[in-house]
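Good morning, and thank you for coming. Please take a moment with the sequence and the model before I go through them.

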Amino acid sequence: MRASRAIALLLLLQARRTMTATELAAELEVSERTVQRDVAALAEAGVPVYAERGRGGGYRLVDGYRTRLTGLERTEAEVLHLAALPGPLRAMGLAGQALAARLKVAAVLGDAPAAAAQRFHLDAPAWFREAETPPLLAEVSRAVWEDRVLQARYAARGGTRDRRLEPYGLVLKAGRWYVAARGPSGRIGSYRVDRFESAEAGGERFERDPEFDLAGHWAAAAQEFTRALLRERAVVRLSPLAVANLAALLEPTAAGDALATAGPPDADGWVTVSLPVENWDIGYLELLRLGPEAEVLDPPALRARLAEATRRAADLYAAHGDAPGPNTSTEPSPPPPEPRAPGPERRQLWKGRGSQAVPPIG
């Protein structure tokens, strides 16, 4: 019996009280014989479903029964949504509930859960970095699951402070844990769990905002945070190859914002963009990735720095006989290229950038 069909059958009976085999077969798009077999399997597994004969009869659940899949507890049912995250479940202190839930579901659905687990796995941490579990994650997780106020001491950029937080949800981003919580200001912000110096979920509970959407909140906060970090802009010419690979080589938000400013290609097929960067040192390292597929036009200091990096790279290859660098010729080295003054439209791009406040992602 397929897991999705079993759950659908139980929910149909729970919602409509009584349904005939014909009605169930039509809803589930299976034969009546299949419905009969599924109902028999559920009954053998302990689900109180029975057939009522006569006019108005059909299959139904015992009055008062709520579908819990052989006694599934509320917390066990909730962690089923996270069944593909065994590592994070252990980190949040929910491994026991997850195991109990899987065993109870397996009692009804046979091998379906195991088959699903072999078809999808989420590996959350980023490459080349060990994922560390914050020591207070389990306590923060308990506050989130039980809607309890969290009394915490948090080390933010402005200093360590005591905070009263109403934790709405946890987010695991590239191996780092965040909690979305309403703070003293009444605004829901995002806090890094590894920056909690202390955290205690007490007896006080809070009322959740029914309109709150964790995924939507995180998407907006992450984008706002990223854009707030991109405080500088460089005017850059990009080759067609750089344009095609910009999102893979640079931060995606920065790449998207830059390409949105691109004008028409020049005679060589290159386009000029206004590229946002966090600061000039990071911008220098990022633009090195593009090599000869990018030319910085402004600011002059960044252009000169990259020109010098290009000469040094040529010298390194020339020293090993790989390329005719400037040190292997008797001809005098050509002077460094003069910074190209940006035209009126480039100046407008350069001067038109705005400033943003960093959102409360600690």
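What share of the 362 residues in the protein is buried? Buried residues make up 36% of them; buried means under 20% relative accessible area, exposed means over 50%, and partly exposed lies in between, with a 1.4 Å probe and protein chains only.

Some ground rules come next. This is a predicted model, in which local features need pLDDT of at least 70 and side-chain atom pairs count only at pLDDT 80 or more, while totals for chains, interfaces and linings use all residues. Residues are numbered from 1 along each chain as its sequence is written, and side-chain values use heavy atoms, with hydrogens and water left out.

On confidence, pLDDT is the predictor's confidence in each residue, from 0 to 100. The mean pLDDT of the protein is 78, and 69% of its residues reach 70 or more. Over residues 325-334 the pLDDT falls below 50, and this stretch has seven contacts in the model beyond near neighbours in sequence; contact means heavy atoms within 4.5 Å. Residues 336-361 also stay under 50 in pLDDT, and for them the model has 52 contacts beyond four places in sequence. Where pLDDT is low, the predicted coordinates should not be read in detail.

As for overall architecture, the protein has 14 helices and eleven strands. These are DSSP runs, numbered from the N terminus: helices are H or I with at least four residues, and strands are E with at least two. Among contacts with a separation of 6 or more, 64% are between residues 24 or more positions apart. The accessible surface comes to about 21,100 Å², and carbon and sulfur atoms hold 53% of it; these areas come from the Shrake-Rupley method with a 1.4 Å probe, and for residues only the protein chains shown count as cover.

Let me turn to helix α13. It covers residues 300-319, 20 residues in total, and reaches 29 Å from its first C-alpha to its last, close to the 28 Å expected at 1.5 Å a residue. That expected span is 1.5 Å times one less than the number of residues. Within α13, the buried residues are Leu302, Arg303, Leu306, Ala307, Ala309 and Ala318. Their cover includes β9 (232-238), α12 (280-288) and β11 (294-298). Just after α13, Gly321 takes a positive phi of about 75°.

Which residue of α13 pairs with Asp281? Arg305 forms a salt bridge with Asp281, the closest N and O atoms being 2.9 Å apart. The pair links distant parts of the chain, with Arg305 in helix α13 and Asp281 in helix α12, 24 residues apart. A salt bridge here is a side-chain nitrogen of Lys or Arg within 4 Å of a carboxyl oxygen of Asp or Glu. Arg305, at 36% relative accessibility, counts as partly exposed, and so does Asp281 at 48%.

The structure holds 18 salt bridges. One of them joins the side chains of Glu166 and Arg182 at 3.7 Å, N to O. Because Glu166 lies in strand β5 (residues 159-173) and Arg182 in strand β6 (residues 176-182), the pair ties together parts that are 16 residues apart in sequence. Glu166 is buried at 14%, whereas Arg182 is partly exposed at 21%. Another bridge is formed by Asp63 and Arg60, at 3.0 Å, N to O; Asp63 is exposed at 55%, and Arg60 is buried at 12%. There is also a network of salt bridges linking Glu139, Arg142, Glu146 and Arg148.

My next topic is a polar pair. His217 lies in helix α9 (residues 214-229), and Ser190 in strand β7 (residues 188-192). Their side chains make a polar contact at 3.2 Å. A polar contact is a pair of N or O atoms within 3.5 Å; within protein, one must be able to donate a hydrogen and the other to accept it, and residues adjacent in sequence count only if both atoms are side-chain atoms. Are these residues buried or exposed? His217 is buried at 15% relative accessibility, and Ser190 is buried at 1%.

Finally, two backbone details. Glu29, in the loop between α2 (21-28) and α3 (32-44), has a positive phi near 60°. Asp147, in the loop between α8 (137-146) and β4 (148-156), has a positive phi of about 55° although it is not a glycine.
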